[in-house]
Each structure stands twice: as C-alpha cells, then as structure tokens.
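Visitor: Hi, could you walk me through some charged pairs in a protein? Please put the structure up before we start.

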Amino acid sequence: MKKLSIFLAFLLFISFQAAAQMQITGTVTGADDGLSIPGVSIFVKDNSVIGTTTDFDGNYTLTVPSDAEALIFSFVGMKTTEVLIEGRTEINVQLESDVLAMDEVIVVGYGTQSKRLITGSVASVGAAELENEVIQSVDNALQGRMTGVRVFSNSGTPGGGISVRIRGASSILAGNEPLYIIDGVPINTGDYSQEAFGGQDLNATTSINPSDIEDIQVLKDASYAAIYGARAANGVVLITTKTGKSGKAKINFSLSTGTQQMIKKRDLLNAEQYVLAMNEALFNSFGFVDFLGSPDDYEADTDWQDEVTQVAPISEYQLSISGGNEMINYYVSGGYMNQDGIVIGSDYERISGRVNMDVKATDKLKLGTRIQMSKENINRIYGDNNVYAPLANAYAVEPIEPVYNDDGSYNTGTLYANPVAMAKEPKHYTQIYRTIGNLFFEYDIIENLTFKSSVNTDILNLREDSFLPTDIGLAVGSNGDGVSGNSNIQRIGLEETLTYSLNVNSHNMKVMAGFSYEDNKEFYTQVQAIQFPSNDFKWITSAAEIDGGDAFTTSYKLSSFFGRVQYDFDKKYLLQFILRADGSSRFGTNNKYGYFPSASVAYRLSEENFIKDISVISDLKVRFSYGTTGNQNIGNFASYGLWSSGNNYLGLPGVAPNQLANPDLRWEKTTTIEGGLNVGLFKDRISLDLSVYQKNTTDLLLERPLTGVSGYTEITENIGKLENNGVELAINSINFETTSGFKWTTNFNISFNRSEITELYNDEPIDAGFANRYAVGRAFGEFYGYKFLEVNSETGDMVFEDLDGEPGITDADRTFIGDPNPDYEGGITNVFSFKGLELSAFFQFVQGNDVYNAVRTYSEAYFFDNMETRVLDRWQQPGDITDVPRAVYANPDIQRVSSYKIEDGSFVRLKSVRIAYNLPSNWLERVKIRSFQIFATGQNLVTWTDYSGPDPEVNYAGTNNTIIGTDFYTYPVAKTYMFGFNLGL
C-alpha cells in the first residue's frame with residue numbers, strides 16, 4: 001500500500017510538471033527575402049538556460065515553462081527580436097537585417113568597430129571560410145584569400161616556415177614578417193632552432209590550432225596598424241579565437257584523414273640515358289671514349305625520387321565544448337594533428353589545448369582568460385642546399401647506383417651520400433612546448449567609461465636532439481656526431497587601456513588611451529659530442545668526447561603609450577586619429593622613443609538622401625588615410641658598443657671590442673598614403689573594395705662598411721629608402737539565391753604591387769644568394785647576371801650578350817635578368833550549396849614573377865650528377881638548332897648566373913576543392929544529434945605553370961629576407977586528399 005501511494009504521488013508529480021510546461025514550434029525567415037535562416041539562437045526571456053537553435057530549414061522546437069513571457073530570437077547580421085508567447089504553441093518569426101550589428105565583430109586592435117565605419121584598409125577571413133578548409137597553420141589560412149597579402153609556402157616541409165608579405169617588402173635586412181596578435185597577445189614568430197637544415201626553417205605560428213580561430217583581421221595600412229607602432233611596418237595580423245555563447249553546451253567533434261603525395265616529380269635521366277650523356281661530355285672535354293662503359297654494364301636503374309618519397313598519411317582530430325549563460329561563457333578545446341612528410345624521415349605532430357572563459361562577476365566587472373598550450377614533435381631532414389639532403393641527393397645521385405649492396409647494407413659508393421640512408425639513419429628530433437596566455441578584466445567605472453587591464457605571456461621551449469651515424473654520411477670521420485640544444489623564449493606583457501564612448505544626437509565618439517610594457521628574454525644552450533660506440537647509442541652521454549658547446553642569453557624591452565580617437569557624425573562622416581609612442585631598448589640613446597601617428601577620414605555617400613533614392617546602391621564610401629609605422633626587427637644590441645670574450649693571451653682570458661656603438665640608431669619608418677572606395681550593390685549582394693596606396697620606407701637599417709684601420713669592418717646605420725605602390729580590388733557576390741535552397745557565392749581578389757629601392761649607401765648594391773641583387777632604381781631582389789642569347793649552332797657553346805664591348809665575357813657584362821616579384825596575384829573562391837549539399841573551389845593565381853632555377857647549375861653541367869631530360873635536346877653536331885648547349889664536363893657556362901636558368905614562375909593552382917553533405921536535421925533529432933557533416937577535400941590538386949620544376953612556389957632559403965624566388969632542390973608542397981566528418985551534439 002505504501003509503495004502504491006509513492007507511485008501515485010510520482011505520477012501526480014510528473015503530470016504536474018507536464019502541465020507546467022508547453023512546447024512551441026515555428027519557423028524563422030528573413031524579412032527581406034523570405035528565406036529560412038538556420039542557426040538562429042532562441043531563448044526564453046530572463047532564462048537563457050532554456051534555448052535552442054533553428055535547423056537547416058529554419059524550423060525549431062522548444063519546450064518552455066507555461067509561465068514564460070517571451071522568446072528572444074538572435075542571429076548575426078539580424079536585429080534581435082523579442083516575441084510575446086501569449087499562450088501560442090506556434091510562433092513564426094521574420095528577422096530584419098541589421099548590417100551594422102553584423103560588422104561590430106571586426107577587431108581593429110585594442111577594440112572593435114563596425115565594418116561599415118572602417119576608415120582604412122582591413123581585410124578579413126571569417127570562421128565560415130576557415131571551416132571549409134583543412135588548414136595546418138595560420139599562415140595557410142591567409143593564402144590567396146586577401147588583397148595585398150602574399151603567402152609563400154617556400155617548401156612542403158612538415159611544420160616548415162612560411163613567408164608572409166603584406167603590400168610588398170618594407171625592409172631589406174630588418175625583417176618583413178607581419179606582427180601577429182592572438183587574442184590581444186603579441187606572439188613570438190620565426191625560427192628559434194639552433195641547427196641549420198638547408199633552408200628548412202621552423203615556424204613558430206604552427207603551434208596555433210586553426211580550428212580554434214573565429215576570425216582573422218589583417219591591418220594593411222598605417223591608419224589602423226599605427227596603434228602597434230614600431231612593430232607594424234609589415235602589417236598586423238589579428239587573430240581572434242572562439243568563445244562560448246549563452247545557451248546549452250555544444251559539443252563539436254571533427255575527424256579528417258587522408259594522404260599526401262608529390263605534386264610533381266622531376267624528369268630525370270634513366271641509367272642508359274645517363275651513361276650516354278656523361279660519356280659524351282667526357283669525350284668532348286677530355287677525349288675519353290666510353291669512360292663509363294656501356295649502359296649494359298650496369299644492373300641498377302634506380303629511380304631515387306621514388307626511393308625517398310612516399311604516399312604519406314595525414315590526420316587531424318578536434319574536440320570542443322562551449323556554452324554559457326548570463327554570467328559565464330566558456331570554450332574548451334583539444335586538437336591532435338599527425339602529418340608524415342612526402343619525403344621519408346620527415347614528419348610533424350601537434351597536440352594542442354585551449355581554454356577561453358568570460359565571467360560577468362558583477363554588473364560592472366568582467367573577467368576573462370585566453371589560454372593555449374601546445375606540444376609539437378618534429379622529425380627533420382636536411383634539405384635544399386646540402387649534400388646530405390635526401391631529396392636533393394635523390395635528384396643528383398647517379399641512376400646507375402643501387403640503393404643497397406648485395407649483403408643488404410647501404411651502398412656508400414654513390415656520388416653524394418646515399419639518399420635513402422640520409423633519410424632513414426640520421427635522427428633530428430625537435431620538440432616544442434608552448435603556452436600563450438592572456439588574463440584580463442574590464443571594469444565599467446561610470447557609464448561609457450571602461451578600464452581594461454591584462455597580463456599576457458608567450459613562453460616557448462624548444463629542444464633539439466640530433467645524431468649522425470657512425471658509418472655513413474657526414475660524421476663517419478668522427479665516428480658519429482650528437483648535438484643537444486635548448487632554446488627558451490619568454491615574453492611577458494602588461495596592457496592597460498581606458499575607453500570612453502560619447503553619443504550625443506548624431507555625434508558619436510570613442511576615445512581610447514593605453515599603456516603597454518613588454519619584457520622579452522631568450523636563453524640558448526647547446527652541447528656537441530663525437531666518438532660514439534655504435535649507432536645504438538644516440539645520446540650525448542654515450543659519447544667519448546665533448547667537442548663543442550655554447551650558452552648565451554639575449555633580451556629587449558618595449559615600453560609604449562598609445563591613443564585613438566574615433567568620431568562619426570550620423571554614421572556619415574567618419575574620422576580617426578592614432579598616436580603611439582614606443583620606447584625600445586634596441587635603439588640608440590639619442591632615439592629611445594619613436595612616435596607613430598596616423599589619420600584617416602571617410603565619407604559614406606550612401607547615407608545621403610540623393611544616394612538613398614538609388615535603390616541599387618546599398619553602401620557607398622570613399623576613404624583616405626595617412627600614417628607612419630616602424631620596424632625594429634634587428635638584433636637586440638645593434639646600437640651598443642660591444643666587447644667579446646675569447647681573445648685570450650698566454651692562457652689568460654681576454655676581451656676585445658667587436659662592435660662600434662651608434663647612439664643615433666633608430667627604427668625604420670614606413671609612411672603609407674591610401675585612398676579607397678567601398679561599394680555595396682543590391683542590398684550588398686555585390687560588394688566591392690578598392691584600395692590604391694603608396695608605401696615609403698626610410699631609415700633602412702643596413703650595415704655600412706668601415707675602413708680596416710678603424711678596427712671595425714661595419715656599423716649598423718639608418719641609410720636607405722624603398723617604396724611600394726599598389727592597387728587592390730576585392731569583389732564578393734551572391735550570384736544566385738533561390739527559395740528552393742540553392743545558393744552560389746563568389747569571392748574574388750586581385751592585387752598589384754610595384755617595389756623600388758630609391759636609396760642605398762653610396763648607391764652600392766647588395767647581393768644575396770645565387771642571383772638576388774638590391775640596387776637603387778630596381779625592384780626588390782631582382783635577379784642579376786649574364787643575359788643568355790642562344791646556343792651557337794656551329795659550336796654548341798652558349799652565347800651571352802656582351803654589354804661592355806670588350807673582348808670576352810666579364811663581370812662588366814652582367815645586368816638585370818629577371819624579377820621574382822609578381823605583376824599581380826590573387827584568388828577566387830566559388831561556393832555552391834543546395835539544401836544540405838555544399839561544394840567549394842578555391843583557385844590561387846600568381847602572374848609575372850620569375851624563378852631562378854639553380855638546380856640546373858648541376859642538373860645540366862655534367863658534374864656526374866644525374867640530369868633532367870631537358871639535356872636529351874642538347875647540341876650534338878654542327879647545324880643543330882637548340883637552346884640546350886653541348887655536353888661538357890662541369891660546363892662553366894652553365895655554372896654562370898645567367899638568364900638561361902630564369903624561368904617563368906607564374907601559375908594558377910586549384911588550391912582546394914571541398915564537397916560536403918549535412919544530414920537533415922529531422923533525421924538527427926531522432927538520435928539527439930545537433931548536426932552531422934561528412935566531407936571530402938583536396939588541396940594543391942592541379943597547377944598550371946610553365947615552370948619546369950616540381951613547384952613554382954618555392955624558395956631554397958626558407959624565410960630568408962633577401963634570398964627570394966630561387967629553387968635549389970627544394971622540398972615541394974604536397975598534393976593532399978582528405979575525408980572526414982564534423983559532429984555536433
């Protein structure tokens with residue numbers, strides 16, 4: 001009886017609860033076009049815990065308390081709408097567009113601003129674009145998607161360095177990489193490795209998980225970049241990571257896996273072709289007859305490219321949970337990526353985690369944190385300009401040599417070190433731990449006056465352990481070689497800002513003032529050992545002899561004051577002023593502080609009545625800006641008089657001066673003038689962004705030579721100028737959008753930039769690499785050498801242009817022979833969607849640039865290196881008409897830096913294709929799944945180019961500032977195929 005009473009009470013309780021709730025259904029559409037809107041957030045008023053989102057068709061179902069008063073409907077770009085329930089069980093809502101609300105998410109440095117009120121040049125990549133790609137690093141996310149932003153892959157090395165240039169290069173020696181800011185934290189970038197791998201740089205930005213990124217803004221001109229002063233001459237990349245939204249917790253899991261392969265192999269000679277070609281070269285040079293014998297004398301016909309390359313797996317896993325309420329929002333994520341290289345022996349692994357949290361402690365106080373931790377494991381191999389590089393040697397080693405001897409041991413009789421052995425036996429292991437964190441609070445002192453304080457840090461610890469085997473390669477003479485090193489990079493910063501907003505009638509003003517301080521320290525240690533018992537003992541503790549070591553530290557500090565005033569009248573007339581003062585320990589005592597101002601104005605004609613009457617125009621803005629930024633990317637002690645140790649005498653320690661002080665040294669200064677036009681047509685179905693700019697850099701930081709009698713060879717001074725001029729155009733369009741659910745959008749961008757060096761010390765040129773020259777009146781890093789005219793049809797010799805009229809070809813006959821800078825570049829993305837099906841295709845194009853193919857210095861010179869099939873078209877007898885000279889051992893004409901090795905580096909690349917299908921929400925609701933998408937993607941699928949090498953997008957010197965556009969056995973990018981799914985709960 002008692003159990004029955006309990007059961008009846010339970011039923012009564014359940015009935016009461018059911019009676020206390022009601023279910024509401026409905027559809028949300030757009031007021032302008034009547035189309036359904038997926039992803040609309042719906043909450044009960046005054047109870048944000050109870051909520052839901054609309055499905056793909058704009059439908060929703062929500063169970064609410066019977067006493068609930070109203071529902072709140074919100075969506076980015078739409079006006080938030082409150083609807084009274086009034087006992088209804090079906091509520092259909094039409095949301096009105098609110099373009100300015102959508103634009104408020106644009107980050108501009110120490111704040112945000114409506115995109116329509118921007119007075120300068122700010123480019124954006126949003127989460128939707130990033131989610132449509134499988135992107136391994138932040139830099140890749142920028143490639144081809146923004147005007148004025150050029151991204152070079154340099155090579156396909158897993159975890160390798162990438163070069164980014166915003167509106168051309170602004171410096172010759174002081175660095176051209178932009179400043180990266182992630183969630184307000186200026187982060188360390190570059191390569192902190194102490195070992196050299198032939199141009200295969202590391203890149204500190206790879207530690208950032210692209211799946212955590214909400215959007216990326218690039219400040220291209222000084223009107224906005226000036227807020228970062230002495231570090232902003234090369235542009236600023238602002239990265240905002242994802243945060244939680246109010247509502248029930250959302251769990252997202254994604255998996256992608258696939259394979260990578262060589263984008264293109266070099267066309268090399270087989271064994272028979274190689275023997276015949278080398279015999280011919282040795283006969284022409286020395287009269288040797290069949291020096292290598294007959295092709296039939298060799299059993300091997302090795303394709304070394306196939307031996308050292310592979311179809312490499314790649315996989316990535318991401319898990320995140322986000323949510324919140326009126327008091328706290330959170331986003332927590334974890335990611336894992338594993339990428340084997342297409343060259344055996346190379347791979348990259350990243351494990352990352354992130355915690356983003358915002359807390360509304362009181363009505364006035366908000367607290368927040370952004371913390372990322374990551375671990376990277378990298379197995380590296382030598383590359384490019386190195387005779388122990390697996391891929392370079394695979395191109396060069398003779399095809400008549402086998403990989404292994406008959407007993408299974410490595411063949412050590414190859415011209416260069418056995419490529420397979422060099423890929424498999426040496427060990428070069430790098431491990432990187434990194435923490436990027438920002439802890440902040442905001443306090444509303446009074447209405448419209450907010451104080452924000454933040455403490456941030458970026459700590460990177462890089463450990464390297466290498467072992468070269470005892471029996472093959474570089475360390476045979478020392479019976480093995482081991483190196484162990486550690487690089488510890490620490491950055492700690494403090495930022496304080498005060499922001500005041502004033503809105504009176506049609507006058508709107510926001511004033512921000514701030515202070516920041518940074519302390520940057522670097523610690524390096526390294527030890528080297530030789531004489532190992534065997535290859536089984538790879539750690540330094542097993543070595544018999546320590547033969548080298550080093551330990552040092554370096555640091556610099558930066559103290560800054562900055563302010564910004566933004567004003568608009570009736571959203572029509574727009575003004576902005578910025579001033580920043582930076583004090584850096586890097587510069588001379590007479591120039592410790594530099595000042596970086598900017599001013600910008602804009603006029604929104606679309607707010608005028610005579611434009612509002614033109615229904616086709618939804619937005620029309622003209623803008624103009626002027627400002628100055630700086631570049632401080634040189635050594636920490638370039639302005640100081642320095643002494644060095646090691647100058648010992650009779651066994652006693654000694655020191656001596658080794659650098660002359662320059663108390664007047666200051667940062668490079670870049671002044672940008674820009675005009676622009678923004679147009680929106682047909683309710684912004686078509687938008688256009690046009691910019692024209694001139695960027696002048698003065699006070700270039702260069703080394704001035706000194707006479708030897710001074711006791712010094714050079715001194716760092718501000719002694720040069722260069723300029724960049726350009727035009728940028730971006731067009732975004734919604735081509736079709738139907739009520740049946742079909743939509744087609746296009747994003748197109750194109751950029752033109754011209755650089756010119758206008759002043760150097762005594763107009764003396766600077767040479768770098770194989771062929772780059774920096775000279776007054778010329779573009780940045782043009783190729784310099786001899787002009788090849790033809791192959792003499794009677795002799796088979798190369799003919800070069802004789803410029804000085806003197807007998808013979810001498811240094812005086814050199815001239816400019818090519819330009820690594822493109823005439824224009826850009827990208828175009830088309831996205832097609834129909835109900836749950838999505839297809840996107842992204843093409844990247846670079847046109848008008850040259851590549852210096854330094855590989856041909858050896859692959860056509862008959863050094864006994866293997867050669868490319870191009871030599872099959874060589875001159876062989878009088879009367880032959882060809883552009884390939886006769887076979888001559890170590891041909892000195894081939895070895896000249898000449899236009900013979902200049903090739904057109906233009907290309908059009910199908911950078912990525914993605915097809916995806918979103919399962920219908922009514923299927924998923926049955927199993928309590930919010931969303932499920934399956935997808936397949938391909939990257940670097942097709943490249944249209946006249947360049948003869950595997951990849952025109954290369955540079956053998958990695959991220960080197962002055963060696964550009966040169967291919968020398970460079971590790972090419974991979975062609976990638978992946979598939980996976982995204983699951984939302």
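Guide: Let us begin with Asp-893, which forms a salt bridge with Arg-896 (a side-chain nitrogen of Lys or Arg within 4 Å of a carboxyl oxygen of Asp or Glu), and here the closest N and O atoms are 3.3 Å apart. Residues are numbered from 1 along each chain as its sequence is written. This is a predicted model, where local features need pLDDT of at least 70 and side-chain atom pairs count only at pLDDT 80 or more, while totals for chains, interfaces and linings use all residues, and side-chain values use heavy atoms, leaving out hydrogens and water.

Visitor: Is Asp-893 buried or exposed?

Guide: Asp-893 is buried, with a relative accessible area of 17%, whereas Arg-896 counts as partly exposed at 23%; buried means under 20% relative accessible area, exposed over 50%, and partly exposed in between, using a 1.4 Å probe and protein chains only.

Visitor: OK, new topic: what does Asp-797 pair with?

Guide: Asp-797 forms a salt bridge with Arg-886, and their closest N and O atoms are 2.8 Å apart. Asp-797 lies in the loop between strand 41 (788-791) and strand 42 (798-800), and Arg-886 in the loop between helix 11 (856-859) and helix 12 (892-895), so the pair ties together parts that are 89 residues apart in sequence. Helices (H or I, at least four residues) and strands (E, at least two) are DSSP runs, numbered from the N terminus.

Visitor: And how many salt bridges are there in the whole structure?

Guide: A search of the whole structure finds 46 salt bridges.
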